[in-house]
Number of protein chains: 2
Amino acid sequence: MAKPKKIQRPKAQTPKGFRDYFGAEVAQRTDMLQTIAGVYHRYGFEALETAAVETVDALGKFLPDVDRPNEGVFAWQEDDGNDPDLKGGDWLALRYDLTAPLARVYAQHRNDLPTPYRRFAMGPVWRNEKPGPGRFRQFYQCDADTVGSGSVAADAEICAMLCDTLEAVGIERGDYVVRINNRKVLNGIIDSLAEKTLKGFIADPLTQSEEGEIAVVKRVLKNLAEGVMRTLDKVDKVGVEGVAELLGKGRKDSSGAFIEGQNLPPVIVESLLKFLNAKSSDNAKTLSNLEAIVGGSDEGAAGVRELQTMADLLAAGGYGPDRIVIDPSVVRGLGYYTGPVFEAELTFEIQDEKGRPRSFGSVAGGGRYDDLVKRFTGQEVPATGTSIGVDRLLAALHMKGRLTSDTTGPVVVTVMDRDRMADYQAIVSELRQAGIRSEVYLGNPKNFGNQLKYADQRNSPIAIIQGGDELAAGTLQIKDLILGAKIAETATHEEWKDRPSQFEIPRADLVKRIKALLDEQAK
Amino acid sequence: MAKPKKIQRPKAQTPKGFRDYFGAEVAQRTDMLQTIAGVYHRYGFEALETAAVETVDALGKFLPDVDRPNEGVFAWQEDDGNDPDLKGGDWLALRYDLTAPLARVYAQHRNDLPTPYRRFAMGPVWRNEKPGPGRFRQFYQCDADTVGSGSVAADAEICAMLCDTLEAVGIERGDYVVRINNRKVLNGIIDSLAEKTLKGFIADPLTQSEEGEIAVVKRVLKNLAEGVMRTLDKVDKVGVEGVAELLGKGRKDSSGAFIEGQNLPPVIVESLLKFLNAKSSDNAKTLSNLEAIVGGSDEGAAGVRELQTMADLLAAGGYGPDRIVIDPSVVRGLGYYTGPVFEAELTFEIQDEKGRPRSFGSVAGGGRYDDLVKRFTGQEVPATGTSIGVDRLLAALHMKGRLTSDTTGPVVVTVMDRDRMADYQAIVSELRQAGIRSEVYLGNPKNFGNQLKYADQRNSPIAIIQGGDELAAGTLQIKDLILGAKIAETATHEEWKDRPSQFEIPRADLVKRIKALLDEQAK
């Protein structure tokens with residue numbers, strides 16, 4: 001006998017790495033985005049909203065952190081549409097950040113946009129990465145960028161704005177710091193290292209002129225620079241000693257696996273560590289340390305000057321060293337940064353998964369990327385900007401207990417007599433017109449207990465009851481569910497005896513009395 | 001000689017059918033979404049935000065309007081990730097509406113959600129359709145649904161909420177109407193037609209018993225029902241006469257092409273037209289017309305009763321026939337509706353592309369769909385809801401001139417001396433702390449004319465100037481750009497002579513004076 005065919009039902013499941021957000025979570029994020037938009041707008045930035053979908057061609061290959069596994073975008077090829085077999089349209093993809101679309105927009109609309117073009121954007125981005133605990137493939141970013149200005153005043157302004165934004169969303173001064181650095185400084189150090197360590201670095205000296213040898217070394221080092229930057233960027237995770245090992249032969253990670261290093265000669269590793277350690281609590285001291293390290297490199301000196309200018313501009317606007325810290329360990333592992341780079345870090349302590357204290361860490365980053373628009377137009381367009389990780393910032397506020405969001409449910413009008421639904425509807429209608437969140441119970445009204453259970457599940461402050469007696473008397477029963485819960489907790493009526501948790505009011509006083517009770521509860 | 005290889009640059013272009021939104025457009029939509037969320041929340045609905053991506057399996061095949069060309073979703077298959085050649089993961093897709101994800105969410109989380117579950121959701125949805133003028137492949141929806149309530153009170157409430165929402169976003173009473181109908185009425189008519197027209201419909205009478213014949217006709221008609229509903233839904237476009245032709249043999253469209261009809265016998269077409277024409281300006285009259293048409297059908301009679309109940313409940317809440325109209329021509333071309341259906345229509349006139357007056361039409365629709373969750377769980381879960389087409393509603397408000405959004409640019413602090421950037425930064429910093437939108441000009445400051453041109457392009461209200469003289473005197477020059485533009489327009493200084501468009505203020509009075517001037521301009 002043939003087995004009866006089982007009905008195949010679809011699984012009710014979010015795809016791997018995606019999640020749903022309910023109620024207060026949605027409201028909290030919306031509130032935060034609005035607050036951030038307000039600060040960005042006050043700074044003169046204009047909103048821009050691009051579609052989630054771009055051509056793969058336009059997105060390019062600027063995806064950060066290319067050393068992660070499964071890195072990529074969600075992409076598909078356009079069908080002809082009339083003929084599903086006819087493939088060969090454009091490749092489309094979900095945006096992986098908000099910067100690549102900005103470069104496309106600026107190139108596409110540059111004749112109609114003011115220069116500089118200052119825009120902010122907020123919305124989800126998608127990464128086709130291996131999902132993990134707390135790591136999702138869709139998350140929110142909140143960016144502001146200035147396109148078409150080469151002035152470090154633009155970079156400085158973004159750092160000031162990061163400070164204002166963090167304070168606006170509820171991070172107190174003292175609980176954050178914006179750390180700034182400049183890629184030119186690192187480039188300069190690499191330059192100067194090439195000259196200083198020529199003999200030491202090339203084991204088998206070249207037979208060309210000394211100048212030619214320097215050029216070769218510089219090229220070798222430039223090729224290594226990306227790896228060096230990514231390694232330096234790991235100082236938060238592995239410490240200075242770990243970075244030293246990773247720049248040299250390599251190191252064992254916590255699982256015991258050996259991670260191959262950059263194999264730089266010790267003399268270079270030492271100089272790079274000096275760079276990492278150049279930081280002082282005094283910005284002026286840090287700058288003079290860096291000046292000494294970059295030596296005769298023009299680019300390095302320019303980088304130090306830019307840092308100096310940024311610090312001065314920020315100080316002039318009231319953003320002093322308590323909030324803006326020059327820190328050479330800020331590298332930002334992204335190839336495309338060309339000048340100033342910065343990172344907003346929350347400094348308060350949290351516990352890691354093993355219960356050890358650590359500082360919360362970075363919630364925003366950014367920097368100058370002068371080559372991004374050039375891909376489209378061939379013209380170099382200087383640009384700088386920042387991206388705030390909204391979900392991380394929300395997590396931080398949650399940990400600090402600073403997310404105040406109203407989770408109060410609606411006033412619930414119970415249904416005592418299902419034929420009198422119109423009366424109950426009239427009650428909520430009045431309440432809603434008065435701005436009071438309310439609803440009629442719309443489940444099966446047979447079991448009154450279920451109605452109160454529902455009100456409880458919704459976190460409702462008040463239930464309203466009108467049976468035949470109340471109807472005849474022109475009254476309503478009001479159940480104060482907040483007080484009721486308190487009484488249930490303390491298990492004695494003594495201290496609440498002056499304030500009954502259920503009482504009767506005239507029907508005509510509905511709005512007035514419910515408003516008064518809600519105000520009372522809110523105290 | 002070989003041709004020099006041309007550098008291939010990516011095209012700076014949005015994919016076909018997608019667009020960018022700038023400045024005020026973004027702000028207006030954000031404002032509208034917030035306003036709508038406010039009304040939905042007041043009605044007791046909770047926010048839900050799902051990811052843009054769902055499994056194709058979970059989305060199912062509920063895409064509306066399947067008779068459109070190129071209909072479909074944007075979908076792709078998951079890679080294994082570690083091995084790009086290893087295909088065979090889940091098929092994922094961008095959501096095409098917000099209802100399919102809701103069904104998935106309810107099935108997935110039903111044990112943790114209250115019943116009824118009332119949720120609202122807003123965000124973009126994606127359709128892989130052929131794009132056209134004004135027709136985009138990403139657009140916003142704004143939904144509210146009640147899952148787990150079979151009561152028509154839930155449907156009535158959604159209609160009331162649609163009224164409140166339209167008024168909240170700026171559509172005046174009298175400029176809209178919510179038209180309601182019930183699928184059961186149409187089903188009932190089809191039932192009753194089957195019995196009445198048995199002989200007329202089946203050309204070659206079957207040899208079975210009469211009862212068997214009725215069953216066959218009913219089945220034939222049920223199969224036709226979808227086509228009938230889609231045809232009736234076209235009454236807005238082709239008129240009652242056009243519908244009659246499309247239910248019968250067919251008709252020539254405006255291009256002269258022949259559209260094949262449903263080939264229903266004339267007696268059935270006639271009854272269906274009676275149904276369409278049952279509408280009266282008086283809801284009670286419409287109901288009695290419908291009662292007569294559904295004849296002895298139980299389902300039809302139930303539909304009429306439900307319409308009656310909805311109209312009564314709505315009237316009890318103050319939503320009378322000036323806003324709620326029973327209209328049998330509301331069919332909603334979507335197969336899955338099972339009971340009440342409704343549509344919010346803007347009734348004011350606009351001109352179509354040929355300059356002929358027509359009413360703006362539908363901006364929201366919805367209805368009861370009791371089978372959607374069943375796909376996942378096997379259990380029937382009653383549900384009803386609405387979806388507002390936010391972009392269409394924005395277009396309507398735009399046409400009515402009711403979109404008030406502040407397009408004023410920032411106060412621009414010009415740069416007279418680039419070495420004094422810190423001073424200019426300090427000025428904007430003060431202004432921003434006082435909540436005034438402002439910025440320093442960050443382009444190349446060499447040409448002062450370009451700075452004023454920039455301020456003009458940004459729609460700035462005020463420019464601030466401080467050269468060496470002003471610095472020495474401790475003052476600022478203030479340029480009232482709004483007044484300046486007015487003077488330029490009228491080409492005479494006479495009427496403005498008491499109010500100069502440029503004047504000097506003490507540096508110390510910055511915030512006070514700029515605030516005063518902005519207030520003056522806002523008058």
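Residues are numbered from 1 along each chain as its sequence is written, and chains are lettered from A and ligands numbered from 1 in the order in which they are written. In this predicted model local features need pLDDT of at least 70, side-chain atom pairs count only at pLDDT 80 or more, totals for chains, interfaces and linings use all residues, and side-chain values use heavy atoms, with hydrogens and water left out.

Q: At which residues does UniProt place the feature "binding site"?
A: The annotation comes from an unreviewed UniProt entry. UniProt positions are given in the numbering used here, feature names are shortened, and annotations may be inferred rather than shown by experiment.

Q: Is Asp97(A) buried or exposed?
A: Asp97(A) lies in the loop between strand E5 (91–94) and helix H3 (99–109) of chain A; helices (H or I, at least four residues) and strands (E, at least two) are DSSP runs, numbered from the N terminus. Buried means under 20% relative accessible area, exposed over 50% and partly exposed in between, with a 1.4 Å probe and protein chains only. Because its relative accessibility is 6%, Asp97(A) counts as buried.

Q: Which backbone nitrogen does the side chain of Asp97(A) reach?
A: Contact means heavy atoms within 4.5 Å. Not counting residues up to four places away in sequence, Asp97(A) touches Val125(A), Arg127(A), Gln141(A) and Tyr336(A). Its side chain also reaches, at 3.1 Å, the backbone nitrogen of Thr99(A).

Q: Which residues does Tyr337(A) touch, not counting residues up to four places away in sequence?
A: Tyr337(A) lies in the loop between strand E11 (324–326) and strand E12 (340–351) of chain A. At 10% relative accessibility, this tyrosine counts as buried. The residues touched by Tyr337(A) are Arg183(A), Arg332(A), Gly366(A), Gly367(A), Arg368(A) and Tyr369(A).

Q: How far apart in space are Lys184(A) and Ala302(A), C-alpha to C-alpha?
A: Lys184(A) is found in helix H5 (residues 183–196) of chain A and, at 21% relative accessibility, counts as partly exposed. Leaving aside neighbours within four places in sequence, Lys184(A) is in contact with Glu299(A), Gly300(A), Gly303(A), Glu306(A) and Thr338(A). Lys184(A) and Ala302(A) are 118 residues apart in sequence, and their C-alpha distance is 7.1 Å.

Q: How many disulfides are there over all chains?
A: A disulfide is a covalent bond between the sulfur atoms of two cysteines; here the criterion is a pair of cysteine sulfur atoms within 2.5 Å. By this rule the count over all chains is zero.

Q: Which cysteine sulfur is nearest to that of Cys163(B)?
A: Cys142(B) is buried, with a relative accessible area of 0%. Cys163(B) is in no disulfide, and at 7.4 Å the nearest cysteine sulfur is that of Cys159(B).

Q: How many residues apart are Asp327(B) and Arg179(B) in sequence?
A: The side chains of Asp327(B) and Arg179(B) meet in a salt bridge (2.7 Å, N to O). Both Asp327(B) and Arg179(B) are buried. Asp327(B) lies in the loop between strand E11 (324–326) and strand E12 (340–351) of chain B and Arg179(B) in strand E8, so the pair ties together parts at a sequence separation of 148 residues.

Q: What relation superposes chain A on chain B?
A: Copies are superposed by least squares on the C-alpha atoms of residues with pLDDT of at least 70 in both. A rotation of 180 degrees with 0.0 Å of shift along its axis superposes chain A on chain B (RMSD 0.0 Å). That is the relation of a two-fold axis.

Q: Which residue of chain A comes closest to the rotation axis?
A: The copies meet through the same surface, because 100% of the interface residues of chain A are also interface residues in chain B. At 2.9 Å (C-alpha), the residue of chain A that comes closest to the axis is Trp76(A).

Definitions and conventions:
Polar contact = N/O pair within 3.5 Å; in protein donor to acceptor, adjacent residues only side chain to side chain. Salt bridge = Lys/Arg side-chain N within 4 Å of Asp/Glu carboxyl O.
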